[in-house]
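Okay, everyone, thanks for coming.

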Amino acid sequence: MSQKQIVSLGGYDFEASIEASEIEQLVKNLADRINMDYDDRNPIFIIVLSGAFIFAADLLREINIKSDITVVKVKSYHGFNSTGEVKILLAADIDLSKRHLVIIEDIVDTAQTLHHFSDYLRQFDPLSIETVCLLSKPDAHQVDIDLKYVGKDIPNDFVIGYGLDYNGQGRNLKHIFTKVD
Ligand code: IMP
């Protein structure tokens, strides 16, 4: 991209920061690692809606090992709620016990959602739980979290595109755009 594309949403400007071609390469690299690590382990991929749907669709088409796929929708309560529980709005429709679970997340920001969702999953007595996320903001993490598969670490800025939204908009953008201050 010679000149950075700008989109405006809700009165804010967002500047293209990760091009579609780079995203494609990040996704392929993640899939290669997972294909190697999970060969013969028959994992269950758990897509965390809504933001991860585009990333998951691209990632899973690069996965060439035997696996199952399910979706969940979770809402995380933190800040005002000391227990920090996740509310499961849509539960996985598959038996998760004694299986290798791979959570597919779009972006890890404070890491609270993932932290609490991983805790929730432990009740099903899985063989293992790992996470693959396209983006992570290490400077924003509030809890220690083990992220095995990260496409790219980014600064603590708000981003949209490739499934990520601002108030429900911008998910359809091909590139990832960063909010301009
Ligand atoms: P966390 O619990 O703070 O890690 O937040 C996780 C969720 O917040 C992600 O799955 C996204 O849906 C949303 N989120 C966090 N950062 C961004 C962002 O920069 N753009 C859009 N959504 C975000």
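I'll start with the sheet, then move to the helices, and finish with a lysine.

Some housekeeping: this is a predicted model, where local features need pLDDT of at least 70 and side-chain atom pairs count only at pLDDT 80 or more, while totals for chains, interfaces and linings use all residues. Residues are numbered from 1 along each chain as its sequence is written, and side-chain values use heavy atoms, with hydrogens and water left out.

So, what is the strand order in the sheet? It's an open sheet of six strands, running β5-β4-β3-β6-β7-β8, with mixed pairing. Helices (H or I, at least four residues) and strands (E, at least two) are DSSP runs, numbered from the N terminus. Two strands pair if DSSP finds at least two bridges between them. The edges are β5 and β8, each pairing on one side only. From one strand to the next, the twist averages 30 degrees.

Now look at β3, residues 44-49. Five of its six residues are buried, where buried means under 20% relative accessible area, exposed over 50% and partly exposed in between, with a 1.4 Å probe and protein chains only. β3 pairs in the parallel sense with β4 (residues 68-76) over six bridges, and Val48 stands opposite Val72 there. With β6 (residues 100-108), β3 is parallel too, over four bridges, and Ile46 faces Ile103.

On to the helices. Helix α1 (residues 20-37) packs with α2 (residues 53-60) at about 55 degrees, axes 9 Å apart. Axes are lines fitted to C-alpha atoms, for helices over the stretch in contact, and angles run from 0 to 180 degrees between N-to-C directions. That makes α1 oblique to α2; angles under 35 degrees count as roughly parallel, over 145 as roughly antiparallel, 65 to 115 as roughly perpendicular and the rest as oblique.

What about α3, residues 112-122? Its buried residues include Leu114, Phe117 and Leu121. They pack against β3, β4, β5, β6 and β7.

Last stop: is Lys137 buried or exposed? Lys137 sits in the loop between β7 and β8, and it's buried, with a relative accessible area of 5%. Leaving aside neighbours within four places in sequence, Lys137 is in contact with several residues, among them Asp109, Asp157 and Phe158. Contact means heavy atoms within 4.5 Å.
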